[in-house]
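Hi everyone, thanks for coming. Have a look at the screen, and I'll talk you through what we've got.

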Amino acid sequence: QVQLVESGGGLVQPGGSLRLSCATSGLAFSSYEMNWYRQAPGKERELVATIPSTGGSTNYLDSVKDRFTISRDNANAMVWLQMNSLKPEDTAVYLCNAHRRFLGLNYNYWGQGTQVTVSS
């Protein structure tokens, strides 16, 4: 059974930092691209950051570039999102996603999400 469990969310003041963690089990972690998405109330889910299966070149939503950093540890099947200089508009539920395309099929697994609230 595949599980993705996020942690590390909370309430932080503008300009503060948080580090989100996603612990995975039950999947061939090193074969999956890992993503962080977020969804704010009344808004569509948006892709925040992506890291390839091998941990190479990462990609970010324009609004979080130079503030957020995604990283992974294939040996321990973990992925993190370091968030610095947080802004109120970063407030959302952050979700960990594992994605793989194999033999023409897309495989996606999701965590339950962790709430991040940026407010003074």
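Let's begin with the surface: the protein chain exposes about 6,400 Å², and carbon and sulfur atoms supply 47% of that. Those areas come from the Shrake-Rupley method with a 1.4 Å probe, and for residues only the protein chains shown count as cover.

Quick housekeeping. This is a predicted model, so local features need pLDDT of at least 70 and side-chain atom pairs count only at pLDDT 80 or more, while totals for chains, interfaces and linings use all residues. Residues are numbered from 1 along each chain as its sequence is written, and side-chain values use heavy atoms, with hydrogens and water left out.

Okay, what is the chain built from? Eleven strands and zero helices. Both are DSSP runs numbered from the N terminus: helices are H or I with at least four residues, strands are E with at least two.

Along its principal axes, the C-alpha trace spans about 45 × 25 × 25 Å. Of the 120 residues, 38% count as buried, meaning under 20% relative accessible area; exposed is over 50%, and partly exposed is in between.

Now, the inside. In soluble globular proteins, nonpolar side chains tend to be buried together. Here the largest nonpolar core has 28 residues, and among those with the most contacts inside it are Met34, Trp36, Phe68 and Tyr94. A nonpolar core, by the way, is a set of buried Ala, Val, Leu, Ile, Met, Phe, Trp, Tyr and Cys residues joined through side-chain atoms within 4.5 Å. Which strand gives the most to this core? That's β9, with four residues.

On to the rings. Rings of Phe, Tyr and Trp (its six-membered ring) pair if their centres lie within 6.5 Å; planes under 30 degrees apart are stacked, over 60 edge-to-face, and the rest tilted. By that rule we get two aromatic pairs. In one, Tyr37 and Trp110 have ring centres 4.9 Å apart and planes at 55°, so the pair is tilted. Tyr37 is in strand β4 (residues 33-39) and Trp110 in strand β10 (residues 105-110), so to speak distant parts of the chain, 73 residues apart.

Trp110 is partly exposed, at 35% relative accessible area. The charged end of Arg45 also sits over the Trp110 ring, 4.5 Å from its centre. For that, NZ of Lys or CZ of Arg must be within 6 Å of the ring centre and within 35 degrees of the ring normal. Likewise, Arg100 lies over the face of Phe102, at 4.3 Å from the ring centre.

Key:
Buried < 20%, exposed > 50% of the residue type's maximum accessible area, 1.4 Å probe, protein only.
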